[in-house]
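The following exercises ask the reader to work through a protein model step by step. Each task is followed by its solution.

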Amino acid sequence: MSNLLEIKNLRTTFSTMQGKADAIRGVDLQVKENEILGIVGESGSGKSVTMKSVMGLLPRSAKVTADALIYKGEDLTKKKEKELRSFRGREMAMIFQDPMTALNPLRTIGYHLTEVICRYRKVSKKEAEAIAIEMLRQVGIPSPEERMKQYPHEFSGGMRQRVIISMALCCEPSLLIADEPTTALDVTIQAQILDLLKQLKQDRGMSVVLISHDMGVMANMCDRIAVMYGGVLVEEGKVDEIFYQPKHPYTKDLLRSIPRPEVTRGARLQAIDGAPPTLHNMPKGCPFATRCQYATEKCFEIMPETRVFSDTQNAKCHLLTGKEE
Ligand code: SF4
């Protein structure tokens with residue numbers, strides 16, 4: 001599979017009252033055509049900031065640099081801001097955790113959809129309405145003609161998330177970034193939305209980047225997984241490599257901390273000791289050093305190199321002896 005998006009040495013720094021904070025520290029990542037790539041990690045690991053940096057959705061206090069951001073063969077770092085805005089709107093779309101915050105409670109669902117369609121596609125209002133109805137139908141909203149006239153509060157949480165997905169699809173993007181799209185939903189609706197994303201990937205040949213902290217969701221949904229910690233991509237591989245042959249100590253700890261139904265009643269859940277470092281007290285070297293049971297002095301001082309284990313799996317840890325990248 002060829003690359004749809006290739007991120008090379010992405011760095012994002014925020015200016016804060018306490019000084020500069022490096023949120024993303026040199027991420028290299030590829031999204032292949034027609035795949036679901038999962039980005040997993042704890043809160044604050046940089047998974048959302050990575051994709052928001054690519055989308056240009058961060059506040060002005062963020063400084064984003066990259067050696068290259070190659071999308072369909074074009075380097076986005078060479079484009080002007082205005083060009084980028086319309087390019088991103090058409091080619092990439094992002095959906096978020098809480099669908100209610102993305103919808104204006106004073107506007108109808110039809111207004112939300114037709115506004116996006118008219119902004120990015122050269123169509124009349126009537127054509128935009130027809131496209132909007134078709135989009136709602138495709139994401140499984142019954143009686144879409146009627147639903148177009150209703151307001152967000154008349155929709156359930158799952159239905160609102162479907163509306164957001166249909167808005168994202170209005171411009172027929174090649175890349176959909178879903179940032180914890182089911183965290184605010186109950187389990188049955190969660191399964192429906194995840195099935196819908198899989199279906200859309202299959203029907204439209206779209207690539208999906210799924211951001212989540214839920215390893216169960218990742219196992220079910222993804223072709224490949226990237227594990228992030230402290231603004232660094234610490235391991236990536238195919239889903240089976242990550243689940244059955246994890247290399248990085250953090251990936252192993254994450255997998256150990258998944259609750260298992262077969263565990264005896266009353267047994268303690270395994271957790272990773274300590275808390276992730278804040279952006280202002282990040283070790284110079286490996287970000288996991290403050291919690292890693294194998295950490296040495298070198299780990300705190302020197303960022304580990306990437307070690308390669310297969311065509312698809314690599315990890316960053318001083319302990320590992322795979323090939324150098
Ligand atoms: Fe642990 Fe050191 Fe490996 Fe980081 S580099 S994961 S601290 S052993």
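Predicted model: local features only at pLDDT ≥ 70, side-chain atom pairs only at ≥ 80, totals over all residues.

**Exercise 1. Give the strand order of the open sheet of 9 strands, and state which strands form its edges.**

Solution. 

Step 1. The order is E7-E8-E9-E3-E10-E11-E13-E12-E14, and the pairing is mixed.

Step 2. Strand E7 (92-95) and strand E14 (323-324) are the edge strands, since each pairs on one side only.

Step 3. Helix H10, residues 249-256, lies across E3, E10 and strand E11 (232-238), at about 105° to E10.

**Exercise 2. Describe how strand E3 is paired on each side, and decide whether its faces are covered or open.**

Solution. 

Step 1. Strand E3 (residues 36-40) runs parallel to strand E10 (residues 224-229), and 4 bridges join the two. Within this pairing, Leu 37 stands opposite Arg 224, while Gly 38 has Ile 225 as its bridge partner.

Step 2. E3 is also parallel to E9, to which 5 bridges join it. Here Ile 39 stands opposite Ile 211.

Step 3. In a regular strand, side chains alternate between the two faces of the sheet.

Step 4. On one side of E3 are Ile 36, Gly 38 and Val 40, and on the other Leu 37 and Ile 39; all are buried, and both faces are covered.

Step 5. As 5 of the 5 residues of E3 are buried, the strand is largely enclosed by the rest of the structure.

**Exercise 3. Locate Thr 12, classify it as buried or exposed, and identify the side chain with which it makes a polar contact.**

Solution. 

Step 1. Thr 12 belongs to strand E1, residues 3-16.

Step 2. Residues under 20% relative accessible area count as buried. The value for Thr 12 is 0%, so Thr 12 is buried.

Step 3. The side chains of Thr 12 and Ser 53 are joined by a polar contact of 2.9 Å. Ser 53 is itself one of the buried residues of H1.

Step 4. Beyond its neighbours within four places in sequence, Thr 12 is in contact with several residues, including Ala 21, Ile 24, Val 49, Leu 58 and Val 64.

**Exercise 4. Trace the pairing from E1 through E5 to E6, and characterise Lys 72 in the hairpin.**

Solution. 

Step 1. E1 and strand E5 (residues 68-71) run antiparallel and are joined by 4 bridges. Ile 7 stands opposite Leu 69.

Step 2. E5 in turn pairs with strand E6 (residues 74-75) in the antiparallel sense, over 2 bridges. The bridge partner of Tyr 71 is Glu 74 in E6.

Step 3. The hairpin of E5 and E6 has 2 residues between the strands, and Lys 72 there takes a positive phi near 45°, although Lys 72 is not a glycine.

Step 4. With a relative accessibility of 45%, Lys 72 counts as partly exposed.

**Exercise 5. State where Ser 143 is found and what its phi is.**

Solution. 

Step 1. Ser 143 is found in the loop between helix H4 (125-138) and helix H5 (144-147).

Step 2. Its phi is positive, about 45°, although Ser 143 is not a glycine.

Step 3. Ser 143 has a relative accessible area of 46% and is partly exposed.

**Exercise 6. List the residues that surround the ligand, and sort the shell by class.**

Solution. 

Step 1. The ligand is surrounded by His 248, Pro 249, Cys 286, Ala 289, Cys 292, Tyr 294, Ala 295, Cys 299, Pro 304, Cys 317, His 318 and Leu 319.

Step 2. By class, the shell contains 10 nonpolar, 2 polar and no charged residues.

Key:
Residues numbered from 1 in each chain as written. Heavy atoms only, no water. Buried < 20%, exposed > 50% of the residue type's maximum accessible area, 1.4 Å probe, protein only. Polar contact = N/O pair within 3.5 Å; in protein donor to acceptor, adjacent residues only side chain to side chain. Contact = heavy atoms within 4.5 Å. Near = heavy atom within 4 Å. Nonpolar A, V, L, I, M, F, W, Y, C, P; charged D, E, K, R; others polar. Pairing = 2+ DSSP bridges. Axes fitted to C-alpha atoms, helices over the stretch in contact; angles between N-to-C directions.
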